[in-house]
Structure formats: structure tokens, C-alpha cells
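Hello,

I am passing a structure on to you, along with some notes on what turned up in it. Please open it first and keep it beside you while you read.

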Amino acid sequence: MNHYQEIIRQGLWKNNPGLVQLLGLCPLLAVTTSLTSALGLGLATMLVLLSTNTVVSLIRNYVPNEIRIPVFVMVIASVVTVIELLMHAFMYNLYQALGIFIPLIVTNCIVIGRAEAYASKNAVLPAAFDGLMMGTGFALVLCTLGAVREVIGAGTLFAGADLLLGDWATVLTIHLYQADHQFLLAILPPGAFLVMGFLIAGKNAIDARAAAKAKPVEQKISRARVTQVSAQ
Amino acid sequence: MSFKIASSPHQHSQKTTAQLMKLVALAAIPGIAVQAYFFGYGVFIQLLLAILTAWCSEAAVLALRSKKIKVKLLDHSALVTALLLAVAIPSYAPWWLVVIGTAFAIIVVKQLYGGLGNNLFNPAMAAYVLLLVSFPLPMTSWLPASPVQHIPVGPLDAVCAIFTDFSCSGYSVSQLRQDADGISMATPLDTLKTDLSQGYTTAESMKKPVFGWLSGEGWFWVNLAYLLGGLFLLQQKVIQWRIPVAVLGSLFACSLLAWLISPDTNASPLFQLFSGATMLAAFFIATDPVSASTTEKGRLVFGALIGVLVFVIRSYGGYPDAFAFAVMLANMAVPLIDYYTQPRTYGHKPKGAR
């Protein structure tokens, strides 16, 4: 398997930041009340990861080892500030909907984690690709969670997509069902934990099934004992 | 000969789980009957729906976990969970409410934690909280007790109301709750809470028709019937006295203190004891052998904690009744309570002794 394929596999499935490393749970659980805001934050985080991994990898040979963490944090903070200002300028409604969680990307452990664990030890191209794939993995989990919670809780899918993608995107909104009583719990924080638990359980079940399929059970040959144990 | 080393308690009881659970269900019968008399025959339909859902979901999960379905189903623990949830939700609530609640209780709260004996939380109360948080309106739509009902409701109306949201004569559940002036009547605890927040005194609020002798009209008798059932459980040694006494004692003490300080803004202690779910919760719900504390001192602490929490939430919280929240919060504290209340092992000196 080539190096880049391995990065894809690690980021999207085997070492998925949301499902396996369980990093960045705070925005993961707080923002995923709808697919739109989940996608918005997912894209923002992905962009941050891509940029920080690239920059950290570029400067990795010039930063003294002792002060690398503060330097990485400064890089991350600047990148997040840039992205926050960009969203403020071009996606004001979504910026307001996501609120504090955009600046909070700074504290997302995935970002500093990838900078320290991967980007500071690898060349620019693999590091950038790793950031992209980790970000995509995180965004996919966010979107799944957001979609499930939105469908269960509000009966819609992609409501408010125009906040993210512009006015044409109102056609993307799907009304699945109309109920007199909404299943509020799915939108509230406990719903996030419940759905997240089921997602992780589902991933583990798929992995277990794959492992069972890949490794056929070794047939043990049982032998009858033919010699007697000598009594001494 | 083998010496089986089991952890405490070392007392023997001849009763099996199934027998205990059957006794609990039996003891709830007077309460259910009185509830049906005052609040309509809907409670029987809710019971039926809940028990059917509980059996189906329990069997389904047991099949997935490849356990022995028949043995586990016949321990009747699912039946008791279903029963407790069905009597806790309003009699005329739509059918899907109790189905969602029971399925959640059995599948998520009980079986996902490992089945009977492993669940952290009381399944019925966790499901009640889920329903109350998700669907606040149908979960609080109690009809007024039958003596104060403006529109009479028959047994057939219960079927119609639960499955179609309208009684057979075409009234919606919210219309059934109205008095002669077309104003919805809330439960006594809810009415009192609203009135107190609007500046009425307790005595002024109590003049409303939903209140009866000592507590709410009908609610007093329901609580009394559950108290009787609870005493039967005590007599049969299905439950121990510590948890119910601690729950009722601490609720009584807190409300007595508040009532003595300010009788105009607080309900009387007896009103608190005979309102809402007090007796049902103290004898049937808080005494759940799985999720409650297991040490003797711990049970007193556990019960007292529930009583205090109920008083605090009833008086200052956002919900009129609070047993589900109180029991769940106390369930969370159980590992800590058990840790600090371990009894002295025989032959060991008490802590600090030389």
C-alpha cells in the first residue's frame, strides 16, 4: 500500500479523529444539531488542519525543539483567526449560527495533535495531505451526526443550506416528515451523546466483522492422548 | 465439598427474581385501580401497550445478544419497568409516547448496559425523563380527576383518545382538560406552582376545584393506594424500609421547614407527601434493587438525597414534579455513596480505632 493510500485510510477510517481518537468532542456534540452547521464547522476545521499542517511542516526544521509547542499554537491561532474573519466577511449568517465554535477550533485537540504527531516530522506534501484527510474524516463524522440528529429531531434534511452555500441552495432542503411533536431530545445535547455512541458502536461492529472475515479461524487439531502418564 | 465465596450480602432469600417482580406488580394493583377510577381507563391501554413493547424489545435484544430469551423474559423485570412507566405517564397520552418510552427503557437504558443487574439508571425513570424532555406537552396533559371533569369520559373514549388524539365524541385531549369556562386544568402541583409564581398565596390557590381534601382531588387516593401497596411490599420483605422512609422523611422535613417559615408560599408537608408521584416513587421506583444504593447507611443517604432533590425541584425548579430527575441524579451518586458507606467487615476494627 502506498504512503498516500495509508494516509487516506488512517484519516477517514482507521484513526478517524471523531470516532477513534475522540478528539474535538465539544464542537462535535454542540454544533451538530443540523447538517448545515455540521458541514460548515467541518469545512472550517478541515481548512484549518490543511493550513496548519502545511505551515508547521514548512517551519519544522527552523523551530527549536524546546519551544515548538508555543510556536505551533501561534500558527494555529493565526490560521483560525484568518478563517474566522473570512467567514465573518463572506458567510455572515452561518458565522452567527456557529457562534463561539469557530474561534474554539483553536482549542480542538486534533489540530495541535496532527501538528505535533505528523506535520512536525514529515515533508510538506504528505503533511498537507494528512491534514486534508484528517479534516475530511472529522467533517464526515460531523455531517453524519448532524444529518441523523436533524432527521430525527426536526424531520428535515439540510434545512438552512442557503446560509452556507448561497440562495440557490434552498432547493436542497428536504422535508422528510411533518410531526405535531418534534423529538426534541435528538436536538438537545443528550441526543448528541446517544447518536455518537451508536456511531462508534457501529464502526466497531463493522471492524469486528471485517477482522473476523479476514482471519479465518484456525482449525485446532485435537489429539487423543495415547500414552499414559507414568505414575511416579 | 466446595466453599463458594460470594460477596455480601450473605443472607439467603428463597424468593427468585421472578417471584419478587410478580409481588411488585401485584402490589401496584390497588394504585392502578384507583388511578383508573379517577383518571380514566386509559391507564389500562397504556399498561397493555407498555408491556407488549417491553416484551418485544427485550426479546429482540436478547436474540441479538444470543441469550436465552424465555428464561430472561420470565424473570418479569421488563414487565415491572413497563408497568412503572405506564402508570407514570398521563392516561390519555398518544400511543406512540409509551411505545417510544418503553423501547428506550428496555433497549438503551437496560440492555445496552448489559441487561438486568447492570444498568446504572432506573430504566423507567430514564425513559420518563427522555419523554418529558422531548415531548413536554403530551407528557403534562393529565386530565383532571373524574369528579371535577367537565366533559365525562367513558372507556371507549380512552381507546379513541389514545389512538386518534380525539375522544369518540370528537373532543381533543386538550378540550377534555378544560373546565366549564374553557380553561385548561393542570395537575394540582402544576396549578400550585403557576399560582405561586403569579403572586397568589397557597391558601388562595387551594380553593381551585382541582384541589381536594389534603392534596389534589383524586391524587390523594392514588397516593394512598400506592402507600398501601408499598406497605404490602415491606411486609413481604420485597423491599426494605430504609429507602422509602428516607425519601418520605427528608421530603417531609424539608417541606415542613419551608412551610413553617413561610406558609403562604409553600405547600404543606402533607400536601407534598400525597401529591404527584410521591408514594409510587418512594416505594416502587426508588427501591429498584439494581440502580439504588446497596449498603444500609447508603440507602438512607440515597433516599434522603431523593427527598431533598424533589423538594428543591418542586419548589424552585422548572418542573411541577421531580421524581424522575431526582431518582436519576441520585442513581448517579450511588457509586460514591456505596464507596463511603461500606460496612465494617466482621473481625476488622472500625476506621481510626487503635
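Predicted model: local features only at pLDDT ≥ 70, side-chain atom pairs only at ≥ 80, totals over all residues.

Residues are numbered from 1 along each chain as its sequence is written, while chains are lettered from A and ligands numbered from 1 in the order in which they are written.

**The helix pair in chain B**

Helix H13 spans residues 219-235 of chain B and helix H16 spans residues 278-285 of chain B; they pack at an angle of about 15 degrees, with their axes 8 Å apart. Here helices (H or I, at least four residues) and strands (E, at least two) are DSSP runs, numbered from the N terminus. Axes are lines fitted to C-alpha atoms, for helices over the stretch in contact, and angles run from 0 to 180 degrees between N-to-C directions. H13(B) passes H16(B) in a left-handed crossing (left-handed if the near helix is turned anticlockwise from the far one by less than a right angle, right-handed if clockwise).

On the H13(B) side the contact is made by B:Asn223, B:Tyr226, B:Leu227, B:Gly229, B:Gly230 and B:Leu233, and on the H16(B) side by B:Thr278, B:Met279, B:Leu280, B:Ala282, B:Phe283 and B:Phe284. Two residues are in contact if their C-beta atoms, placed from the backbone, lie within 7 Å. By class, this contact has 8 nonpolar, 4 polar and no charged residues (Ala, Val, Leu, Ile, Met, Phe, Trp, Tyr, Cys and Pro count as nonpolar, Asp, Glu, Lys and Arg as charged, and the others, Gly among them, as polar).

**A helix pair in chain A**

In chain A, the axes of helix H3 (residues 35-59) and helix H6 (residues 109-117) come within 9 Å and cross at roughly 30 degrees. That makes H3(A) roughly parallel to H6(A), and their crossing is right-handed. H3(A) contributes A:Val48, A:Leu49, A:Thr52, A:Asn53 and A:Val56 to the contact, and H6(A) contributes A:Ile110, A:Val111, A:Arg114 and A:Ala115. These residues divide into 6 nonpolar, 2 polar and 1 charged.

**Where the chains meet**

The contact takes 6 residues from chain B and 5 residues from chain A. Helix H7 (123-134) and helix H8 (136-139) of chain B each supply at least two residues of the side that touches chain A, and H7(B) gives the largest share, 3 residues. That side of chain B divides into 5 nonpolar, 1 polar and no charged residues.

UniProt, in an unreviewed entry, places the feature "transmembrane region" at several spans of chain B, including residues 71-89 and 267-286. UniProt positions are given in the numbering used here, feature names are shortened, and annotations may be inferred rather than shown by experiment. Residues 71-89 of chain B are 79% helix and 0% strand, with end C-alpha atoms 29 Å apart. For residues 267-286 of chain B, the figures are 65% helix, 0% strand and 23 Å between the end C-alpha atoms.

The UniProt annotation "transmembrane region" (unreviewed entry) also covers spans of chain A, among them residues 127-148. Over residues 127-148 of chain A the chain is 100% helix and 0% strand, and the end C-alpha atoms are 32 Å apart.

**Single residues to look up**

- For "modified residue: FMN phosphoryl threonine" (unreviewed entry), UniProt lists B:Thr187. B:Thr187 lies in the loop between helix H10 (173-176) and helix H11 (188-197) of chain B. With 22 C-beta neighbours inside 10 Å, B:Thr187 counts as buried (buried if 20 or more other C-beta atoms lie within 10 Å of its own, exposed if 12 or fewer, and partly exposed in between; C-beta atoms are placed from the backbone).
- B:Ser66 has a phi near 45 degrees, a positive value in a residue other than glycine. B:Ser66 is exposed, with 7 other C-beta atoms within 10 Å.
- B:Lys237 lies in the loop between H13 and helix H14 (242-261) of chain B, and its phi is near 60 degrees.

Happy exploring!

Note on methods:
Parallel < 35°, antiparallel > 145°, perpendicular 65-115°, else oblique.
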